[in-house]
Amino acid sequence: MAEQKTIFARIIDREIPAEIVHEDDLCLAFNDVNPQAPVHVLVIPKKPIVSLAEITAEDTELIGHLFQVVRQLAEQHNLQGGFRTIINTGDEGGQTVPHLHIHLLGGRSLSWPPG
Ligand code: AMP
């Protein structure tokens, strides 16, 4: 049986809608459906990498690119005052969608530590 597509793979393939804020050959960025801050964007690779625990040396450039896009999006969303990036990994890390994603949060003061 074919492996089930994740919700993010379905967003990449335009099978379900999302508020897309950036797209290029390597990645897609869209607004989180359940925002935890005024700005809450998810940046994902088009390559179906399950999590940060699964990256290989081959992905080094891709991971750097994702963070360049995060920086650009932070600038576009006027987050000069600061922002937070989060990558949840695996069950204990709080990851709910098994497709690597970087959360970009900003637009309010964020407390620390997380739960
Ligand atoms: P994580 O818990 O780190 O795996 O984050 C998954 C994130 O995906 C959560 O913040 C969800 O709100 C978000 N999410 C789930 N489904 C969608 C969707 N269809 N469109 C946008 N964001 C989504």
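Reply: Buried means under 20% relative accessible area, exposed over 50% and partly exposed in between, with a 1.4 Å probe and protein chains only. Strands (E, at least two residues) and helices (H or I, at least four) are DSSP runs numbered from the N terminus. This is a predicted model, in which local features need pLDDT of at least 70, side-chain atom pairs count only at pLDDT 80 or more, and totals for chains, interfaces and linings use all residues. Residues are numbered from 1 along each chain as its sequence is written, and side-chain values use heavy atoms, with hydrogens and water left out.

Me: How many residues of strand β5 are buried?

Reply: Strand β5 covers residues 102-106. It is largely enclosed by the rest of the structure, because the buried residues number 5 of the 5.

Me: Which residue of β5 is the bridge partner of Leu42?

Reply: Strand β3 (residues 39-45) pairs with β5 in the antiparallel sense over 5 bridges; two strands pair if DSSP finds at least two bridges between them. Strand β4 (residues 84-86) also pairs with β5 in the antiparallel sense, over 3 bridges, and there Thr85 stands opposite Leu104. For Leu42, the bridge partner in β5 is His103.

Me: Are the rings of Phe8 and Phe30 stacked or edge-to-face?

Reply: The whole structure holds 1 aromatic pair, where rings of Phe, Tyr and Trp (its six-membered ring) pair if their centres lie within 6.5 Å, and planes under 30 degrees apart count as stacked, over 60 as edge-to-face and the rest as tilted. The ring centres of Phe8 and Phe30 are 5.4 Å apart and their planes stand at 70°, so the pair is edge-to-face.

Me: Which residues are closest to the centre of the largest pocket?

Reply: The largest pocket holds about 790 Å³ of space, and its lining has 32 residues. Each of α1, β2, β3, β4 and β5 supplies at least two residues of this lining. A pocket is an open set of points on a 1 Å grid over the protein atoms alone, where a 1.4 Å probe fits, with protein on both sides within 12 Å along at least five of seven lines; lining residues have an atom within 4 Å of a point, and the volume is the space filled by probe spheres set on the points, which are joined across faces, edges and corners. The closest to the centre are Asp32, Gln36, His40, Leu42 and His103.
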